[in-house]
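Reader: Could we go through this model together? I would like to ask about a few topics in turn.
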Amino acid sequence: MNSKEQARANELVDLINKHRAAYYQSNTSLISDAEYDSLMRELEKLEAKYPQLITGDSPTQSVGGEASQTFQPSVHLEKMMSLDNVFSMEELDTWLDKAGGGPFLCELKIDGLAINLRYEKGKLVSAATRGDGTVGEDVTRNVMTVKGIPHQLSSKAIPDVVEIRGEVFYALEDFAKLNKSLIDQGKAPFANPRNSASGSLRQKDSSVTASRPLQMIVHGVGALKDDSVKAQSDLYQQLKTWGLPTSSRYKVYKTAKEVKQYIEDFEAKRHTLEHEIDGVVVKVDEFSKQQSLGFTSRAPRWAIAYKYPPEQVNTKLLDIKVSIGRTGRATPYAVLDPIRVAGSEVEFATLHNQEVVAAKGILIGDTVVLRKAGDVIPEILGPVVALRDGSEKKFAMPKKCPECQSLLAPAQDGDVDIRCPNAQSCPAQLRERIAYIGSRSALDIEALGFVTAVALTQPVEPKDPPVKSEADLFTLTLEKLLPIKSRVVDADTGAAKLDAKGEEKVVEYFRKADGSAAAVATKLLEELEKAKSQPSWRVLVSLSIRHVGPVAARSLMNTFGSIEKIFDASEEQLAGVDGVGQVVANTIKEWIAVDWHKEIVAAWKKAGVNFTQETSVGGSGVFSGMSIVVTGTLESLTRDQAEEAIISAGGKAASSVSKNTAFVLAGASAGSKLAKAEALGVEVISEAEFLKRLEAN
């Protein structure tokens, strides 16, 4: 061992203890869980290689952190341990081998605050945080206000003394409401749900805790003298009969294969849960085997936490800018110090609208907690207020459109969105509408993505762009495409790329270096020709009428049979269509009353675009009369293709889950619709099962 390794070990001990103190005493996470875990693993490896580095204050030798001085100390009857972590299936295999075989109990690792409840003769007499594992903070008065924690256990067969261990947490929906209310009161928001649970339970005024909808799930016991209970799973059943809040999601398995499948299943479902989880806890189920395996100084050898890949990181919020969408909606988005999370580098995150920015309490210059769940759009959870230095600035929505300089229109009729009213001439709205026409939700034109839309709509002096409105799209020719010069832009952000001189890079987008047509030009013209024969409901969607998406468009075409008849129908007739309603009816009538919109319809019809539904959609079929919801990402079908298959088989492709839903087709990263289906007891099927049922049609 050299002095460099000694110095690094000392540095790690100081760093980790600093972050522990911030979390356990100030309810603040100065770094992300992933960064903290990385520091701990580095220290563990150093100490394993050089045992002489291990000191009394090393975080590898202790549980949690010290109790703060705000609350009275409370001594646990039995030490409240932490858990060791594994981060891969290979590490899990090693632990499973050491554990000596099943059965194993698997349960979710809720990201909250560990709590210890002491009951004497069935009555709740004290509650304490983990603290250093031996002494915690007495938070009895606050815990007494948490709904769902019984003050008196509801069974006669209760030991004289028992310690109940569990996790206090904040549901995600309640977390968002809490932060909004704090900001409305001029108070600092919490960075994440875990900190909100810790901060809410550790209030000096118990009435504040009472006002917050904390919840608890039990995950074990401390002191307990009862030899009749032989396994962890039996214990959970007993705790449930006592009236304690237990999880319905734990499972007992005999094999390692089943344990791994549970872990993989909940990794896919983790974003559909009501609370945050950061992994799965695996425990040896039988108490006799637990006792033989024993403990280390800080954790049981009979339990392990499998941590999922980190999806939360801390990074700097460099700026907040505003983009304009295809319907004029002004959307603020975060410009971040680029950081890698959930397998990709992130430098932008949507902020939805000005109310969301305010509700999150973020300032330009903040260190923020960023969450990215797989393919889900990155989301800022909140700021790390403790790291502010006074240089941060408040965000204000611009008064003018950043693209066309039109005055932005305020939100109307309950709509929170501010909009650019210049629908016809705003460059941002035009390119977004053209790109949307090529999307899978609309005409599904492979060669018409965002970058191509920019090229088609971007004026480069002295020539105007060939597409000045949607009316020009189906009149494009090779002669019109080849001369186009366009700024080279980033496909994700639309920001112009610079050349070696630092100037905007401009190229002849549709021409090869030798002057001949680029493949994209020929492909685009071929795809536009094919798009003319797409189903008429797709054509209706492509017009970018507010609120008219695939579901409403299909319903309208099923009812009226042609786009002309839809536009000729009265507002009352439109509102009466299933899945349409008054708001959509209003927007349709308002849209077709605009002269330049009529020009688009006339130009597309003249070009031969399909405006008529040739065959009756629905009727008989294997899904006849069924309301079916598609959610998540499918492997072999797009969502639109799945919905078309449902309709072709006589079913209705619904947009929301209800008790009348026949079943939900759920792919990867299914969200709230899957959760609602499970809550309502609606059948959920896989893509493979869906295709199997379709074969019977």
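Reader: Which strands does helix 6 lie across?
Author: Helix 6 (residues 193-201) lies across strand 4 (113-120) and strand 7. With strand 4, helix 6 makes an angle of about 40°. Helices (H or I, at least four residues) and strands (E, at least two) are DSSP runs, numbered from the N terminus. Contact means heavy atoms within 4.5 Å. Axes are lines fitted to C-alpha atoms, for helices over the stretch in contact, and angles run from 0 to 180 degrees between N-to-C directions.

Reader: Where do the model and its numbering come from?
Author: This is a predicted model, in which local features need pLDDT of at least 70 and side-chain atom pairs count only at pLDDT 80 or more, while totals for chains, interfaces and linings use all residues. Residues are numbered from 1 along each chain as its sequence is written, and side-chain values use heavy atoms, with hydrogens and water left out.

Reader: What is the order of the strands in the open sheet of 4 strands?
Author: The order is 5-4-7-8, with antiparallel pairing. Strand 5 (123-129) and strand 8 (215-224) are the edge strands, each pairing on one side only. Two strands pair if DSSP finds at least two bridges between them. On average, neighbouring strands of this sheet are turned by 30° against each other, direction ignored.

Reader: Over how many bridges do strand 7 and strand 8 pair?
Author: Strand 7 (residues 161-169) and strand 8 pair over 7 bridges in the antiparallel sense. Glu167 stands opposite Ile217 in strand 8.

Reader: Changing topic, how many salt bridges does the structure hold?
Author: The structure holds 31 salt bridges. A salt bridge is a side-chain nitrogen of Lys or Arg within 4 Å of a carboxyl oxygen of Asp or Glu. One of them joins Arg371 and Glu276, at 3.6 Å from N to O.

Reader: Why does that pair tie together parts that are 95 residues apart in sequence?
Author: The reason is that Arg371 lies in strand 15 (residues 367-371), whereas Glu276 lies in the loop between helix 9 (256-269) and strand 10 (277-284).

Reader: Are Arg371 and Glu276 buried or exposed?
Author: Both Arg371 and Glu276 are buried. Buried means under 20% relative accessible area, exposed over 50%, and partly exposed in between (1.4 Å probe, protein chains only).

Reader: Which residues are linked with Glu276 and Arg371 in a network of salt bridges?
Author: The network also includes Lys360 and Glu379. Lys360 and Glu379 form a salt bridge whose closest N and O atoms are 3.6 Å apart. Lys360 is buried at 12% relative accessible area, while Glu379 counts as partly exposed at 30% relative accessibility.

Reader: And the rings: how many aromatic pairs are there?
Author: The structure holds 12 aromatic pairs. Rings of Phe, Tyr and Trp (its six-membered ring) pair if their centres lie within 6.5 Å; planes under 30 degrees apart count as stacked, over 60 as edge-to-face and the rest as tilted. Tyr306 and Tyr308 are both buried.

Reader: Why is the pair of Phe474 and Trp604 edge-to-face?
Author: Their planes lie at 85°, with the ring centres 5.3 Å apart, so the pair is edge-to-face. Phe474 counts as buried at 9% relative accessibility, and Trp604 is buried at 0%.
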